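Trainee: Please take one part of this model and go through it closely. I would like to look at the aromatic side chains and what surrounds them.

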Amino acid sequence: MRLFDAHNHLQEERLRPHAADIIAALEREGVVRVVVDGSCEEDWPDVFALAQQFPQVIPSFGYHPWYVRERTPKWREAMLGYLDKGPAAIGEIGLDRWIEGYDSPAQEEVFLWQLRLAAERNLPVSIHCLKAWGRLHDILRAEPRPECGFLLHSYGGPQEMIEPLAKLGAYFSISGYFAHERKARQRETFRHVPAERLLIETDAPDMPLPPERVAYHVEGEEKANHPANLAAVYRFVAELRGEPLEALAPRTEQNFRRLFGGVARLDP
């Protein structure tokens, strides 16, 4: 089976030093492509370098809402520079009203510029949202969106918003973190995601599976989520949705191709 990670952070300092070993493990597990999402100007060079070194990596450049206060006056120019170097997605971008002392005007300014850029270039965009689902929906309805669609990564919104967001072009990715018992309510939400709109992610090095499901550990970083645990996430999702893994995997590939196919070279 061919597996696809719709969202991770291989450039993060807990993973990057082990990148070669991680990629080898991904190959053993049948992972064909991984979308590596940048979070700020500081890590975009590392995302780009990983994509240059490993063909499995689809680079994605974006300003995460947690870091918008750290942006420099030339952040737009820097981001455009990386997007002009070759095929890439946009992300991780978004809105977050969960963090302490959040700056909504700054978050929205940065989010809107990136969303409009994604629409202008028809690039897939990965969106983070916490406690701002109503506002996000309003923006997505009012603004241009990429024709290829957008990803609501590790979707944590309400069940009743799945249909209206899907109509706007949303895909919904689930991570292994939802296998924890305390996430039972959100697991139920994912049972209602349309099959043609479901993607799977690790969000490594964060969002780990419950310990009993973990197959891979990062050397020296026992608390870090290893990207090769993607296969275990696929098994969890197959259980959750009550379908064979052999049916889930090829459909997930089709969904991944629809969203990311324009920025990734994928064999037939």
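Mentor: Start with lysine 85, whose charged end sits over the ring of phenylalanine 48, 5.2 Å from the ring centre; a charge counts as over a ring if NZ of Lys or CZ of Arg is within 6 Å of the ring centre and within 35 degrees of the ring normal. The model is predicted, so local features need pLDDT of at least 70 and side-chain atom pairs pLDDT 80 or more, while totals for chains, interfaces and linings use all residues. Residues are numbered from 1 along each chain as its sequence is written, and side-chain values use heavy atoms, without hydrogens and water.

Phenylalanine 48 belongs to one aromatic cluster with Trp44, Phe61, Tyr63, Trp75, Tyr82 and Trp113. Across the whole structure there are 14 aromatic pairs (ring centres of Phe, Tyr or the six-membered ring of Trp within 6.5 Å; planes under 30 degrees apart are stacked, over 60 edge-to-face, the rest tilted). Tryptophan 44 and tyrosine 63 make an edge-to-face pair, with 5.5 Å between centres and 75° between planes. Tryptophan 44 is in helix H2 and tyrosine 63 in the loop between strand E3 and helix H3, so this pair ties together parts 19 residues apart in sequence (helices, H or I, of at least four residues and strands, E, of at least two are DSSP runs, numbered from the N terminus). Tryptophan 44 is buried at 1% relative accessible area, and tyrosine 63 is buried at 2% (buried is under 20%, exposed over 50%, partly exposed in between, with a 1.4 Å probe and protein chains only).

Phenylalanine 48 and tyrosine 82 form a tilted pair, at 5.9 Å and 55°. Phenylalanine 48 is partly exposed at 23%, whereas tyrosine 82 is buried at 17%.
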